[in-house]
Amino acid sequence: MGVAKLEQDLAFFQSILGNSGVITDADALVPFNRDWQKKYEGKSSVALRPRSTEQVSEVLRYCSSRRLAVVPQGGNTGLVGGSVPVFDEVVLSTAAMNKVLEFDEVSGTLVAQAGCVLAALDEHVGSKGFMMPLDLGAKGSCQIGGNVSTNAGGLRLVRYGSLHGSVLGLEVVLPEPLLPPPPSRGGPHGSGSSNGCSGGSACAAAGSATDARVLDLLRTLRKDNTGYDLKQLFIGAEGTLGVVTAVAIQCAPRPASVQLALLACPTFAAACTTLRAARRMLGEVLSAVEFLDSACSDLATAHLDGVRNPLLPHDAAAAVAGLGEAGDTGGAGAARGRQGGEEGLVAGGVGDDRQFYMVVETHGSNAEHDTQKMERFLEHVMAEGCVTDGTLAASETQAKAIWRLREGIAEALARRGAVYKYDVSLPTTVMYDLVEVLRQRLAAAGFGPEEAGVQVVGYGHIGDGNLHLNISAPRYDDDLLHQIEPYVYEFVRQHNGSISAEHGIGLMKAGALPYSKGPVAIELMRRIKETVDPQGILNPYKGGDG
Ligand SMILES: Cc1cc2nc3c(=O)[nH]c(=O)nc-3n(C[C@H](O)[C@H](O)[C@H](O)COP(=O)(O)OP(=O)(O)OC[C@H]3O[C@@H](n4cnc5c(N)ncnc54)[C@H](O)[C@@H]3O)c2cc1C
């Protein structure tokens, strides 16, 4: 941008958003320009913080008229470089759009502005006996608009399904109006809206029914077969089609009983057998099945303060003592499994064969029934030999500590140095083959752990066939990258998988889309983009737009 033009742009943005809504200070811009991994960094000289749908619409109207590129940004926890500028695009942050608009305690439907942080929403609906249908390690920072825009999966998908099912409605501001301007802009916003929201006023408050840039799909209906389900287009669109300004989502009743087990398995095949048994024996109460390899466990315990693996010999005693705080009987919804003599321990001793760990959780309404089910399952998998050791959380504190081991892996990897992250869907039984073949390939090319400090590790949502393959290295290195890509993508294509299970395409995989989508599908995506965003101002270079 030229200096005079930039001044003019800033003056306009300030007239709409006020001074506090326009960030230009170089230090203050750093967190808007740099991604969570500190891997991608743009050079934007302005970040905007609108508070309302109307302000977003005004900003996009202006940016469209000036052909200024815009990067929508939520909590900036995305892992594919989609949430930060590539060059000097305007950052449009939804952080100040953080109001809960409506919650229906009978149906459990929540309507919230896009900038609400996931954990805050979970707390809000939790106070009314409900729970958000998704949960992920970044819940303290990621926003519901970002979750929708990435179609985030997370830890509970196995039970509560994807956002394509739980999102009931969306409000989206498009880069261009799809209708000619209305004769007058003076009328009351939202009046006469028939959007199906039970509370009416809350949904209408989210946006304007008369603005042809605002796509009002903010319904709270479970059933609505009126032509194309347009909201689905924006779930996972990664900010390339519009700015999501409000979300209506179906929450689940908060479970009265939560059981959580951490299990050790000798092989990945044994982990797969355990998964099958969990599905069969825990059935309707099964809510999460996660896995991590022993290298991930070591990374988390080495790099994160206070994180322990209660199944590891050197940690076991401290963990059992440390996890079960005196007097902690767990709050409502806490797991209460107690096995054998020592609190939390299922197996008598600690086995040698613990190459993989699994986190298995149940959500139910009857603690006695669920505990019984979990215990039978544990007895079965241990008798079969596919689980060599295990611990059942006996309190909410213990459950949180086990989840921290699993959820902390991304953070531990980031602390170790550079990380090449791949988030792939593969048939479950071959998922871990990718980790092993890549480990061998890199070692053969001189990128082994000893000589180059490179570690190849795997963890993820085994219950959904979703592997997080991570290559941790002391620094980013193009020679190493060339050993990894396109090899990983070719492996995925060969096994009919997806190069992005849940993180999205972003900047990282913009050129790799053909590994998972055919030419006809890519052409349809291109035409949709062209129709909705003919000038290509929204999140350029991302999501297959590269
Ligand atoms: C520790 C950690 C654990 C994670 N675990 C998981 C996991 O289990 N499952 C999973 O799926 N992901 C996971 N992620 C990735 C990330 O948290 C999710 O993708 C999350 O949904 C991103 O939300 P956000 O608000 O941070 O979005 P951002 O990172 O800000 O943005 C992500 C993308 O969405 C677009 N966007 C954001 N807000 C809007 C909006 N309002 N309108 C239009 N476009 C928008 C951006 O342009 C960008 O392309 C994890 C990340 C971390 C750091």
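A polar contact is a pair of N or O atoms within 3.5 Å. The model described here is predicted.

**Ligand surroundings**

An oxygen atom of the ligand lies 2.8 Å from a polar backbone atom of glutamine 143. For glycine 239, a backbone N or O atom is found 3.4 Å from a nitrogen atom of the ligand. On its own the ligand has 960 Å² of accessible area, and the protein covers 96% of that.

There are 36 residues around the ligand, and those that come nearest are Pro72, Gly74, Gly75, Thr77 and Gly78. At least two residues of the shell come from each of strand 3 (70–73), helix 5 (144–150) and strand 10 (243–250). Helix 5 gives the most, with five residues.

**Salt bridges**

The whole structure holds 19 salt bridges.

| Aspartate 9 | Arginine 66 | 2.8 Å |

The side chains of arginine 66 and aspartate 9 meet in a salt bridge. Arginine 66 belongs to helix 3 (residues 53–66) and aspartate 9 to helix 1 (residues 3–17), so the pair ties together parts that are 57 residues apart in sequence. Aspartate 9 counts as buried because its relative accessibility is 1%, under the limit of 20%. Arginine 66 has a relative accessibility of 21% and therefore counts as partly exposed.

Aspartate 293 is buried at 2% relative accessibility, whereas arginine 439 is partly exposed at 32%.

An α-helix has 3.6 residues a turn, so residues three or four places apart point the same way. Glutamate 530 has a relative accessible area of 44% and is partly exposed; arginine 526 is partly exposed as well, at 41%.

Asp135, Lys139, Arg156 and Glu407 are linked in a network of salt bridges.

**Helix 14**

Glu407, a member of that network, is one of the buried residues of helix 14, which also include Gln398, Ala399, Ile402, Trp403, Leu405 and Arg406. Helix 14 runs over residues 396–407, 12 residues, and reaches 16 Å from its first C-alpha to its last, close to the 16 Å expected at 1.5 Å a residue.

**A buried serine and a surface patch**

Serine 257 is located in strand 12 (residues 257–265). With 2% relative accessibility, serine 257 counts as buried. Its side chain makes a polar contact of 2.7 Å with the side chain of aspartate 370.

Which residues make the nonpolar surface patch of about 340 Å²? Tyr228, Leu230 and Leu233 make this patch. Leucine 230 sits in the loop between strand 9 (214–217) and helix 9 (231–234), and counts as partly exposed because its relative accessibility is 37%.

Note on methods
Residues numbered from 1 in each chain as written. Predicted model: local features only at pLDDT ≥ 70, side-chain atom pairs only at ≥ 80, totals over all residues. Heavy atoms only, no water. Patch = residues over 30% accessible without salt bridge, like charges linked within 9 Å, V, L, I, M, F, W, Y side chains within 5 Å. Areas by Shrake-Rupley, 256 points an atom, 1.4 Å probe, with all protein chains shown as cover. Salt bridge = Lys/Arg side-chain N within 4 Å of Asp/Glu carboxyl O. Helix = DSSP H or I, 4+ residues; strand = E, 2+ residues; numbered from the N terminus. Buried < 20%, exposed > 50% of the residue type's maximum accessible area, 1.4 Å probe, protein only. Expected span 1.5 Å × (residues − 1). Near = heavy atom within 4 Å. Polar contact = N/O pair within 3.5 Å; in protein donor to acceptor, adjacent residues only side chain to side chain.
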